[in-house]
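Here are my notes for you to read alongside the structure. Keep the viewer open and turn the model as you go through the points.

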2 protein chains.
Amino acid sequence: MDRKLASAMANKPPLISAAIRAKLDAARVARLATLDDQQSPHLVPICFALDANVFYSAIDGKPKRVAPNRLARLRNIEKTPQVALLVDHYEEDWTLLWYVLVRGQAELVSAAGERERALQSLRAKYPQYRGEMLQEDAALLRITPERITAWGDI
Amino acid sequence: MDRKLASAMANKPPLISAAIRAKLDAARVARLATLDDQQSPHLVPICFALDANVFYSAIDGKPKRVAPNRLARLRNIEKTPQVALLVDHYEEDWTLLWYVLVRGQAELVSAAGERERALQSLRAKYPQYRGEMLQEDAALLRITPERITAWGDI
């Protein structure tokens, strides 16, 4: 294969299988791991939408412990964009457990067109976002997968 | 306050309130964030038991993608013991969301007495662990909290 093409492909997000996509689309919550400025892991549950091959998440109107612009996840990805995102399913029958681990880069979405698309994806998935809970000017994160690992009943 | 006493207290795991403890005891799954040798975050769902003020988790008999001694979480904490552990609750009524974020140090449990105690705690919490799913010689992790943050409906 042409080296340039191979390299371009290597930089593209990995394809997501139909089975994994179905789990991710149905999942209502994920957990986002970031690194703080001491290089210690930080972890927070997030709502998210999978749009084509990237994930979007919003700094929404849920109560926050600090002002939105001081949120750990935002400060952290500004300095260290490398993140992990986990979507999993628990039940007492452990033969039915599964998880999808996404490792990649997180970045604030700034372009108006992409912001619109992210807001639409999030509002389509979460009725809660069709009101004031998700403001037009909310900070929006894009998580671009580099590696996706699936385990269990998928 | 006597400086030595203050320092000893600072090194003790933070006390866990009754309300938080009730949530942690009832929770069936947590998510553990570790750092790999590239200092990238890694994330995995784990079963756990809270015993007094530390958390225990086992490398159990659930199918693994790699041999137990090659598991990412073990390799990672050996090099970087700093971890984050998240216990959270999702439902569509977002006024009922909550999470507990624990940041601290993870270590393999080696002393026989503590291993016995960890196995007992895990078996008391998970009926699934009363059979072959949890072997007597399983690797056991202790997570000692340094900071605990609670958010939402707790």
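1. **How the two chains are related.** Let us begin with the pair, remembering that this is a predicted model. Chain B can be laid on chain A by a rotation of 180 degrees with 0.0 Å of shift along the axis, and the RMSD is then 0.0 Å. That is the relation of a two-fold axis. As background, two copies of a chain are related by a rotation about an axis and a shift along it.

2. **Where the chains meet.** How many residues does each chain bring to the contact? Chain B gives 27 residues and chain A gives 27 residues. On the chain B side, strands E1 (30-35), E2 (41-46), E5 (82-89) and E6 (98-108) supply at least two residues each. E5(B) has the largest share of that side, with five residues. Sorted by class, the side of chain B that touches chain A holds 15 nonpolar, six polar and six charged residues. The copies meet through the same surface, because 100% of the interface residues of chain B are also interface residues in chain A.

3. **The fold of one chain.** Now look at chain A by itself. Its secondary structure consists of four helices and seven strands. Starting at the N terminus, you can follow the elements in the order α-α-β-β-β-β-α-β-β-α-β. Of the contacts in chain A with a separation of 6 or more, 71% join residues 24 or more positions apart.

4. **The overall size.** Does the radius of gyration point to a compact globule or to something else, and what is its value? For 154 residues a compact globule would come out near 15 Å, and chain A has 16 Å, so the value agrees. Buried residues account for 34% of the 154 residues in chain A.

5. Please find helix H4 of chain B, residues 112-125. Its 14 residues reach 20 Å from the first C-alpha to the last, close to the 20 Å expected at 1.5 Å a residue. Which residues of H4(B) are buried? They are Arg115(B), Ala118(B), Leu119(B), Ser121(B) and Leu122(B). Looking down the axis of H4(B), you will see these buried residues within an arc of 160 degrees, so they line one face of the helix. Among the elements covering the buried residues of H4(B) are strands E3 (49-51), E4 (54-58) and E7 (140-152) of chain B. On the face turned away from the buried side sit the exposed residues Ala112(B), Gly113(B) and Ala124(B).

6. **Two backbone angles to check.** Most residues other than glycine have a negative phi. Gln39(A) is not a glycine, yet its phi is positive, at about 60 degrees. You will find Gln39(A) in the loop between strand E1 (30-35) and strand E2 (41-46) of chain A. Gln39(A) is exposed, with 12 other C-beta atoms within 10 Å. Ala52(B), also a residue other than glycine, has a positive phi near 55 degrees. Ala52(B) lies in the loop between E3 and E4 of chain B. Is Ala52(B) buried or exposed? Ala52(B) is exposed, because it has 8 other C-beta atoms within 10 Å.

Methods: Residues numbered from 1 in each chain as written. Chains lettered and ligands numbered in written order. Predicted model: local features only at pLDDT ≥ 70, side-chain atom pairs only at ≥ 80, totals over all residues. Expected span 1.5 Å × (residues − 1). Buried ≥ 20, exposed ≤ 12 C-beta atoms within 10 Å, placed from the backbone. Arc of directions from axis to C-beta. Contact = placed C-beta atoms within 7 Å. Least-squares fit on C-alpha atoms with pLDDT ≥ 70 in both. Nonpolar A, V, L, I, M, F, W, Y, C, P; charged D, E, K, R; others polar. Rg over C-alpha atoms; globule rule 2.2 N^0.38 Å.
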